[in-house]
Every structure is written in C-alpha cells, then in structure tokens.
Amino acid sequence: MTQSTDPAPSAASALPGPPAPICLRLTSPEATAELAQQLAHQLHPGDCLLLEGPIGAGKTHFARSLIQSLMVQPEDVPSPTFTLVQTYDVPSGELWHADLYRLSALEEIEELGLMEAFDEAICLIEWPDRLAELTPAHALYLTLSLDPAEEDCRHLRFSWSDAKWQTRMDEIENDRS
C-alpha cells in the first residue's frame with residue numbers, strides 16, 4: 001500500500017480550506033480489509049462514512065470488513081443492496097449499513113430512519129449521492145476506484161470537513177508508516 005496527500009494550498013491562499021485528502025493505494029483485497037479494520041476501531045456512534053465509487057470498486061468489501069471487525073462474534077454480513085439497510089449490534093452501539101443505489105426519492109431515505117441513525121449510530125452509506133441535501137456535514141467520504149492496470153488494486157481517497165476526522169486520519173497515517 002502506498003500513500004500520498006494532495007498538494008498543500010499555496011502560500012498565497014489566506015483562507016483556511018478543507019484539509020487535504022488522504023489518498024491510498026490498496027494493493028489487494030486483504031490490504032483493503034486491513035484498512036477497514038483499522039478505521040473501524042476509531043468509530044463512535046454518530047459517525048458516518050460515505051462510501052463512493054463505481055460498481056465493483058470494493059465499497060461492500062470495505063464495509064463488510066469494517067463491520068465484521070467490530071462484531072464480538074463475527075458473522076456473515078450480506079450486502080444491503082436489496083434490503084436497503086442492515087443493522088448490527090456492536091460493542092459501541094448500533095451500526096447501520098445502507099445501500100441507497102435503488103432509491104429514487106429523498107422521502108424514501110427519511111422513511112428508512114437514516115436521519116435518526118446519523119445521530120445515534122455508526123452509519124456506513126453506499127451510494128451517498130442519493131442523500132443529496134440530507135448528507136450529514138460531519139461525514140467522512142471514502143472514494144474507492146479501480147486500478148486499470150492491476151485487477152486487485154484499489155485507490156482510496158479519504159476527505160472530510162469536520163475537524164473530528166483529522167486526528168483519526170493522523171492516527172491511521174501514523175499506523176501505516
């Protein structure tokens with residue numbers, strides 16, 4: 001796995017902007033699972049991860065690895081593609097895994113109970129673009145992409161605006177060094 005951050009803003013920019021995203025190259029499904037497990041142990045109720053990327057980029061693999069690492073007794077973690085939401089009890093509270101790919105209206109998101117879950121549970125949301133204006137401002141974005149040269153390789157970009165993620169991302173970077 002290799003890591004980089006986007007270039008820092010120029011000295012001419014006086015206004016502080018969002019933190020520079022962290023970009024990682026995950027060379028195997030095992031490397032993806034390892035990173036998911038590392039992030040899992042930094043999550044608390046009220047945290048929301050927005051998993052973006054094309055079909056086959058590894059969103060569900062990442063989510064499954066994260067969820068299983070938090071379970072006292074690991075069990076099968078099915079994709080919520082057809083159920084829309086799967087919930088799990090983990091030691092820190094409730095965890096929601098949602099796949100919004102099939103949703104077409106914001107009302108459907110509210111009917112699922114996601115708005116309350118954003119405040120009370122750890123939430124993993126696949127296809128977060130469906131949230132539109134309901135997207136939590138405090139979320140951590142994880143953008144996964146395929147590597148055209150290596151079948152098992154993925155690129156992962158972390159980005160955020162809420163300051164709570166900076167310390168957690170620093171810890172992940174330190175652990176990976």
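Reading from the N terminus, the chain's elements go β-β-α-β-α-β-β-α-α-β-β-β-α, so to speak five helices and eight strands (DSSP runs, H or I of at least four residues for helices and E of at least two for strands, numbered from the N terminus). This is a predicted model, where local features need pLDDT of at least 70, side-chain atom pairs count only at pLDDT 80 or more, and totals for chains, interfaces and linings use all residues. Residues are numbered from 1 along each chain as its sequence is written, and side-chain values use heavy atoms, leaving out hydrogens and water.

**The chain overall**
- Of its 177 residues, 46% count as buried (under 20% relative accessible area, with exposed over 50% and partly exposed in between; 1.4 Å probe, protein chains only).
- Take the contacts (heavy atoms within 4.5 Å) between residues at least 6 apart in sequence: 62% join residues at least 24 apart.

**Helix 5**
- In helix 5 (residues 164-176), the buried residues are Trp165, Arg168, Met169, Ile172, Glu173 and Arg176.
- They sit on the same side of helix 5, because they cover an arc of only 140° around the axis (taken from the directions from the helix axis to the C-beta atoms).
- Asn174 and Asp175 are exposed, on the face turned away from that buried side.

- Most residues other than glycine have a negative phi.
- Leucine 84 has phi near 75°; this buried residue (14% relative accessibility) is in the loop between helix 2 (59-70) and strand 4 (85-90).
- Tryptophan 127 has phi near 60° and lies in the loop between strand 6 (122-126) and strand 7 (140-147); at 17% relative accessibility, tryptophan 127 is buried.
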